[in-house]
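Q: Please take a close look at one part of this model, the aromatic ring pairs. Which residues form them, and where do they sit?

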Amino acid sequence: KACCPRFEIVKFRRRRTLARALLAMAAMLASAFPAMTAAFAVLALTGAAASPMNFTVFSQPVKLRHGQVFNKVQHPQSLPGSVVERYADGNKLLAITGFDVDMVRRSADGSETKVKLSDHYLHHYAIYLGQSKSMGAMFDHAEHDVMFRRMLSGCHAMKGSAVRSFMEDLWIDGPARKHRLSMFGSASGAEYRDNPQRFEKPYRMILEKPNAWAPLLHIIRASDSPDAPASGDYSPLIECPCTPQRRINVANGTIDGKLPDPPIGCSPEFAATGNPSCSLSTYVGGWRCCEHDVFLVDTDKECADASCSEKPLDEVYMKFTFFYEDAAPGARQIENSACCDVTGQMPEQGFENIEYDVPACAPGTPPEKCFHVAESVQTIGFYNEHPKSPGSPHKASDLVDLVFMAPHIHVAGTSVSLQDAVTNETLCEVHRSENDKAGVAYGHMDAPGNENGYLVGLSTCRWSGDNAPRYRRDHPFRIRVVYNATRSHTGVMGLWLGTVSAVGDPDLLV
């Protein structure tokens, strides 16, 4: 059992003979047939990996008034010149080993000030990184394909659906092209300052000739002043209430004249529980009422006009620091896992409704018994025997190594676990504790990263080439999520955001 407290625990298993054999074969081919290996394994790199390096990039400014939402992909920006230059000739590949995230205000003199969750709440983020040409082609495709545009910037961007679909198309033109674009971050949100994103050797996010990046940001301005204290109770705005200004038309299936993005729909098993989020007729709050530029306050009562133009406009930036190295011989490419969203169920791959509601317990329920529990079972990997992955080159029987798992829950979440649904082995589990050392951390002060009443940390689990469990892509895993239900909550989530590494793909051994 792997329990992941706030410090990292990496569980060890015996080295797999097959992995050693594959790496040995790659090394032998690289020395004996360098030209052939370059075609077979993308690039045959020689020499030891460079020492770890890092670079930092900032988003474009995010400007919001009290109650306003920012929820879109920003325009692509260039990576630092030193990074672009290092990999421009293609003789080396960039291998991301991890990244850190922060939100700051930036002064004219270059100084930075950290931003509190109680002021600007990060609902979630994702980062697109790779070649500007491929990124531009992907965004151009989104302009002409409504469904693809939803996959790129809507709920399902949290699982990298658009990038995965786009890269599956690139695979048709040769597996080497899969190194041209990647996505990081996924659904991670409020826990961003205490949510370690690191990959153990030999697993890396590998990119060829990277020169551009673009962030998807979902930020809520939760207070009307940067100096407002974190009072001990979270702002109700972070649960995205559907205000009177939202025009919900159940007959037409629309919100504000548009179809919900993505369509509301839980697995039959989850819908059978009667959860309000599974139907537009009972939908009262969550992502679909939290689109870009909407306000989460009743603007008729709280503002002089619909744009709350009398409210002060504040400006913040997201800050991303990437850690990287030159890809070494034997480096293995990683990809998003198909597991898990508690609102989904096998045979579905990937996310379903993504969000759900936690109804309050019946009056009189003792607090120690007042919890909402949800479970589901989904496969660990994506494969081509499913409508969501028609272009995938992988079969259900293909093997993957489990590399990294990050839990994602919202305020009031108390625990989330990941189990092998066949053996019932627990692979990763986090829960709330009095000392905040068991993987789910809540804030207790009025400081960035420790905001009173907010969920501020979720530990991650990771595996190395020495101990990574190996499964078929269609192997089932169980997610179990527990929330405190002494009060109701809308738009909560129960997710595992994972990465796996395919076994035996020709482009995965560098």
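A: What follows describes the ring pairs and then the charges placed over rings.

The model is predicted. The count of aromatic pairs comes to eleven. One of them joins phenylalanine 199 and phenylalanine 404, with ring centres 5.7 Å apart and planes at 80 degrees, so this pair is edge-to-face. Phenylalanine 199 belongs to the loop between β9 (197-198) and β10 (203-207), while phenylalanine 404 is in strand β19 (residues 399-409), so the contact ties together parts 205 residues apart in sequence. Phenylalanine 199 has a relative accessible area of 8% and is therefore buried, as the cut-off is under 20%. Phenylalanine 404, at 3%, also counts as buried.

Another pair is made by tyrosine 356 and tyrosine 483: the centres are 6.1 Å apart and the planes stand at 90 degrees, so this pair is edge-to-face. Here strand β17 (residues 355-358) supplies tyrosine 356 and strand β28 (residues 476-484) supplies tyrosine 483, so parts 127 residues apart in sequence are tied together. Tyrosine 356 is buried, with a relative accessible area of 0%. For tyrosine 483 the value is 0%, and this residue is buried.

Ring pairs also link Phe55, Tyr87, Phe99, Phe322 and Tyr324 into a cluster.

The charged end of arginine 106 sits over the ring of phenylalanine 58, at 3.8 Å from the ring centre. Arginine 432 lies over the face of tyrosine 442, 3.7 Å from the centre of that ring.

Key:
Residues numbered from 1 in each chain as written. Predicted model: local features only at pLDDT ≥ 70, side-chain atom pairs only at ≥ 80, totals over all residues. Heavy atoms only, no water. Phe/Tyr/Trp six-rings, centres within 6.5 Å; stacked < 30°, edge-to-face > 60°. Helix = DSSP H or I, 4+ residues; strand = E, 2+ residues; numbered from the N terminus. Buried < 20%, exposed > 50% of the residue type's maximum accessible area, 1.4 Å probe, protein only. Lys NZ or Arg CZ within 6 Å of the ring centre and 35° of its normal.
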